[in-house]
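Subject: Structure for you to look at

Hello,

Here is the structure I said I would pass on. Please open it beside this message and follow along.

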Amino acid sequence: MNGFASGEVSALARVALQQAQLAEQVMQSRTPAAPCPLCLEDGGVLVAELDACRVVRAGEPGFPASYRVVLTDHVAEWSDVHIADQQEVMRVVNVVETTLRAHLHPTKVNLASLGNVVAHVHWHVVARFDWDSHFPAPIWARPQRAVDPAHLAVLTQLMPAVDEALRQQLLPW
């Protein structure tokens, strides 16, 4: 025979079934229940599209220097992203941050990957200024002051040049 008692075989079968069910749950968790907005559309001005990700100027209201680095594949958790893609995405995040710093001289650059609202791996890269309406709080917090429209107008005018600088650095990849 196979060396297993009949009780052991059914215990092994139960474990195998549980593992198969768990694997199915994991695969289903990677498939969005509702259409994913980051899979359906760019979500702003498409700046560059690479193999592992794309860079989009999101232009959050009141924050024109707001970018997203969006993973190409629909994956909900960073730790599920292939290591080579993780490395490329982080190189891109770094390029976006350093470009914002070089061109806009912000007070701070915020980096965030939350995924609570949209469960698709993406990084927010946001140039922050001490005059912005929310500084030093996150851009999703309550405003702390009114913002001078002249500051926003100047910043908005600079954004196409920043987009072009990003393209120049990213598209040779």
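Ala-127 is a residue of strand E5. The model is a predicted one, and every value below is computed from it. With a relative accessibility of 4%, under the 20% cut-off, Ala-127 counts as buried. Leaving aside neighbours within four places in sequence, the residues in contact with Ala-127 are Ala-65, Leu-100, Leu-104, Pro-106 and Lys-108. Another pair to find is Ala-127 and Glu-97: they are 30 residues apart along the chain, and their C-alpha atoms are separated by 7.9 Å.

The whole chain

The protein chain has four helices and five strands. Along the sequence they follow the pattern α-α-β-β-β-α-β-β-α. Of the 173 residues in the chain, 37% are buried. If you take the contacts between residues at least 6 apart in sequence, 52% of them join residues at least 24 apart.

The sheet

The five strands form an open sheet in the order E1-E2-E3-E5-E4, and the pairing is antiparallel. Strand E1 (45–49) and strand E4 (108–112) are the edge strands, each of which pairs on one side only. On average, neighbouring strands in this sheet are turned by 20° against each other, with direction ignored.

Some of the pairings can be followed residue by residue. E2 and E3 are antiparallel and pair over five bridges, and in this pairing Val-55 stands opposite Val-69 of E3. E3 is also joined to E5 by five bridges, again antiparallel, and there the partner of Val-69 in E5 is Trp-123. E4 and strand E5 (residues 122–128) run antiparallel too, joined by five bridges. The bridge partner of Leu-111 in E5 is Val-125.

Why does E3 count as largely enclosed by the rest of the structure? Six of its six residues are buried, so the rest of the structure largely encloses E3. In a regular strand, side chains alternate between the two faces of the sheet. In E3, Ser-66, Arg-68 and Val-70 are on one side, Tyr-67, Val-69 and Leu-71 are on the other, and all of these are buried.

The helices on the sheet

Helix H3 (residues 83–104) lies across strand E2 (53–57), strand E3 (66–71), E4 and E5, and runs at about 10° to E5. Helix H4 (residues 149–170) also packs on the sheet, where it touches E1, E2 and E3; its direction makes about 15° with that of E1.

At the start of H4, a side-chain oxygen of Asp-148 comes to within 2.9 Å of the backbone nitrogen of Ala-150. H4 has 22 residues, which at 1.5 Å a residue should span 32 Å; the C-alpha atoms at its ends are 31 Å apart, so the two values agree. Where does H4 bend? The bend is at Met-159 and amounts to about 35°, with a proline, Pro-160, following within four residues.

Which residues of H4 are buried? They are Leu-152, Leu-155, Met-159, Val-162, Asp-163, Ala-165, Leu-166 and Leu-170. These buried residues pack against E1, E2, E3 and H3.

Two histidines in loops

His-120 lies in the loop between E4 and E5. Its relative accessibility is 1%, so His-120 counts as buried. The side chain of His-120 reaches the backbone oxygen of Asp-73 at 3.4 Å. Beyond its neighbours within four places in sequence, His-120 is in contact with several residues, including Cys-36, Leu-38, Cys-39, Val-70 and His-74.

His-134 is placed in the loop between E5 and H4. Is His-134 buried or exposed? Its relative accessibility is 8%, so His-134 counts as buried. A polar contact of 2.6 Å joins its side chain to that of Ser-133. Leaving aside neighbours within four places in sequence, the contacts of His-134 include Phe-63, Arg-128, Ile-139 and Pro-143.

Regards

How values were computed. Residues are numbered from 1 along each chain as its sequence is written. This is a predicted model: local features need pLDDT of at least 70, side-chain atom pairs count only at pLDDT 80 or more; totals for chains, interfaces and linings use all residues. Side-chain values use heavy atoms; hydrogens and water are left out. Two strands pair if DSSP finds at least two bridges between them. Axes are lines fitted to C-alpha atoms, for helices over the stretch in contact, and angles run from 0 to 180 degrees between N-to-C directions. Contact means heavy atoms within 4.5 Å. Buried means under 20% relative accessible area, exposed over 50%, partly exposed in between (1.4 Å probe, protein chains only). A polar contact is a pair of N or O atoms within 3.5 Å; within protein, one must be able to donate a hydrogen and the other to accept it, and residues adjacent in sequence count only if both atoms are side-chain atoms. The expected span of a helix is 1.5 Å times one less than its number of residues. The bend at a residue is the angle between axes fitted to the seven residues ending there and the seven starting there.
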